[in-house]
Amino acid sequence: MECWLSGPCIVISPHLDDGVFSCGELIAHMPGTVVATVLAGIPDPSPRVTGWDAAAGFDSAARAVACRRGEDRAALALLRARPRWLDFFDGQYAGSPRWEALVDGLDALLGAEDPHAVLFPAGLRHPDHVLVHRAMLAVRRRRPHGIWLMYEDALYRCLPGLMQLRLLALARQGLVATPVPAAPAGRLGRKRAAVECYRSQLRVLVSHARGYADALAPERYWRIDAAAENRFP
Ligand SMILES: [Zn+2]
């Protein structure tokens, strides 16, 4: 089945896994999609290791991110997508990136890739996801043209009320969110194989009550338009 999106797309992923967990089925229908992970910077070598990285089997942050880039490369190869890794740091290492640098960096990324459609996270619960969501809305104000699609962050979207609050916040900013069709059927097997490439993260997630089953549930997308430019009355 043909995908309803045509032309080059870019998926903005907060961490090294979110893009595939949330959009892998759609990405599998769009060869050549760029998956840009925003918080993929490799920290300086340090003996310090975070609780998350230790649970994932790592003994340093630098080795964790380097390994996770490798997992991302393998997953995206299965989906025939292309990775881009920005050098901002994951919040577990260094706190939030400087706001202006983040927005300018994302703006430059879109300028370089010139995508037909931009897919960005709803930004649910995790502070890094919220930050990337807000930064992408700031970039959208600079580049309002083209197709802007918000994806529901896998693993967080099933928590009660989070998507409801996000939609409410968008409405308060004068933005209209319209649901669009999910990915055509037939690529879930490929997505599953891609998800399984993120071995270090699955190792942590399986120990959580909810696991990672939501990453394999149907994906959901919303087209974002300013109220005045909404093309879906
Ligand atoms: Zn994440």
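1. Let me start with Arg69, which counts as buried at 15% relative accessibility (buried means under 20% relative accessible area, exposed over 50%, partly exposed in between, with a 1.4 Å probe and protein chains only). A word on the basis: this is a predicted model, in which local features need pLDDT of at least 70 and side-chain atom pairs count only at pLDDT 80 or more, while totals for chains, interfaces and linings use all residues. Residues are numbered from 1 along each chain as its sequence is written, and side-chain values use heavy atoms, with hydrogens and water left out.

2. The partner of Arg69 is Asp87: their side chains meet in a salt bridge at 3.3 Å, N to O (a side-chain nitrogen of Lys or Arg within 4 Å of a carboxyl oxygen of Asp or Glu). Asp87 lies in the loop between strand S3 (82–85) and helix H4 (91–94) and Arg69 in helix H3 (residues 61–78), so the pair ties together parts that are 18 residues apart in sequence. Helices (H or I, at least four residues) and strands (E, at least two) are DSSP runs, numbered from the N terminus. Asp87 itself is exposed, with a relative accessible area of 57%.

3. Have a look at Arg220 and Glu152 too, which form a salt bridge with their closest N and O atoms 2.7 Å apart. Arg220 sits in the loop between helix H9 (199–205) and strand S7 (221–226), and Glu152 in the loop between strand S5 (147–151) and helix H7 (162–172), so this contact links parts 68 residues apart in sequence. Arg220 is partly exposed at 41% relative accessibility, whereas Glu152 is buried at 4%.

4. Asp214 and Arg157 form a salt bridge as well, with 2.9 Å between the closest N and O atoms. Asp214 is in the loop between H9 and S7 and Arg157 in the loop between S5 and H7, so the pair joins parts 57 residues apart in sequence. Both residues, Asp214 and Arg157, are buried. The structure holds 13 salt bridges.

5. Finally, the metal site. The zinc ion is coordinated by His15 (ND1), Asp18 (OD), Asp18 (OD) and His129 (NE2), at 2.1 to 2.6 Å. Donors are N, O and S atoms within 2.8 Å of the metal (3.2 Å for Na, K and Ca); water is not among the atoms, so sites may look incomplete. The donor residues are spaced H-x2-D-x110-H in sequence, and both His15 and Asp18 are buried.
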